[in-house]
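Here's a quick briefing for anyone meeting this structure for the first time. Have a look at the model, then read on.

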Amino acid sequence: MSVPEIKGWCPGALRPMRSGDGWVVRVRPRGGRLTSAQAVGVAQLAAACGSGVIDLSARANIQLRGIREAAHPALVAGLSALGLADESAEAEARRNIAVTPLWAEADGTARLAVDLEAGLAASGLPLPGKFGFALDTGPAPVLRATSADIRIERAGPGYLVHADAATTGAMADAGSAIACALDLARWFLASGGAPQGRGRMARHIRGGAILPPAFRTARVPEATVFTATPGLLPQGALLALAFGQTDAGTLAALASLGPLRLTPWRMVLVEGLRIL
């Protein structure tokens with residue numbers, strides 16, 4: 001089986017991409033988080049089915065490198081057993097969500113991530129392969145520099161849902177934020193944002209697309225530039241990986257310290273770790 005080299009899409013677990021060192025398989029952890037058992041399982045699969053080299057992506061996913069073609073079915077089966085694979089490549093492509101690593105247990109982010117994944121799965125929206133969502137609902141936005149087309153950010157007691165590059169958005173509460181985001185995705189498609197199945201929100205907005213009235217009611221504040229620095233945080237320890245790359249053994253060792261939250265900053269956050 002050969003994998004076509006097509007620009008405009010990202011690799012996944014079910015749709016790998018050919019590279020110079022074998023296949024690249026991207027794993028999209030649900031909620032941007034790996035339990036310790038999941039991380040150990042991924043490390044074992046990376047070593048058994050590929051080179052054992054693991055990258056952190058700019059959208060807070062992990063990429064397993066050097067995957068052998070013959071080992072791909074076993075890899076997918078292993079990822080499915082860990083709850084890290086989707087039922088189809090189309091469903092996997094829609095589940096393109098960056099979640100702030102700085103969420104707290106009681107702030108609602110984990111519930112929103114589950115609801116957004118479920119909403120995307122049920123929507124059947126034919127979104128472009130690179131189209132993504134940022135669930136930036138920690139104390140302050142930290143993902144503005146992370147590629148995303150629709151952003152959900154905390155705003156007082158509620159949430160601000162806005163298109164990337166837009167200066168206005170819509171206010172929502174916990175019960176309506178996901179529906180609001182999906183409505184914005186539907187508008188993007190209906191208004192011609194993805195001709196021939198490709199397109200990004202920022203280009204659509206800058207090209208003069210007029211947002212629906214509901215998304216012109218609240219102003220998007222300028223976010224303070226966020227710079228991630230390794231160290232201890234209330235959520236745990238933020239650890240940097242050289243060039244955003246690690247190996248199976250190191251990932252398994254990190255998993256022994258606690259669950260892992262992935263970041264788009266070439267770092268991982270080890271939950272609950274208090275000593276560096």
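Which residues in α1 meet which residues in α7? On the α1 side they are Ser36, Ala39, Val40, Val42, Ala43 and Ala47, and on the α7 side Ala248, Leu251, Ala252 and Ala255. Keep in mind that this is a predicted model.

**Helices α1 and α7**
- Helix α1 covers residues 36-49 and helix α7 covers residues 248-255; their axes come within 8 Å and cross at roughly 170°.
- With that angle, α1 counts as roughly antiparallel to α7.
- Sorted by class, the contact of α1 with α7 has 9 nonpolar residues, 1 polar one and no charged ones.

**Helices α4 and α5**
- Here helix α4 (residues 109-123) packs against helix α5 (residues 177-190) at an angle of about 40°, and the axes are 9 Å apart.
- That angle makes α4 oblique to α5.
- As for handedness, α4 passes α5 in a right-handed crossing.
- From α4, the contact takes in Leu112, Asp115, Leu116, Gly119, Leu120 and Ser123, which meet Ala177, Ile178, Leu182 and Arg186 in α5.
- This contact of α4 with α5 splits into 6 nonpolar, 2 polar and 2 charged residues.

**Cysteines**
- Counting a disulfide as a pair of cysteine sulfur atoms within 2.5 Å, the model has 0 disulfides.
- Cys49 is buried, at a relative accessible area of 5%.
- Cys180 is buried too, with a relative accessible area of 13%.

Conventions: Residues numbered from 1 in each chain as written. Predicted model: local features only at pLDDT ≥ 70, side-chain atom pairs only at ≥ 80, totals over all residues. Heavy atoms only, no water. Buried < 20%, exposed > 50% of the residue type's maximum accessible area, 1.4 Å probe, protein only. Axes fitted to C-alpha atoms, helices over the stretch in contact; angles between N-to-C directions. Helix = DSSP H or I, 4+ residues; strand = E, 2+ residues; numbered from the N terminus. Parallel < 35°, antiparallel > 145°, perpendicular 65-115°, else oblique. Contact = heavy atoms within 4.5 Å. Nonpolar A, V, L, I, M, F, W, Y, C, P; charged D, E, K, R; others polar. Left-handed = near helix turned anticlockwise from the far one by under 90°.
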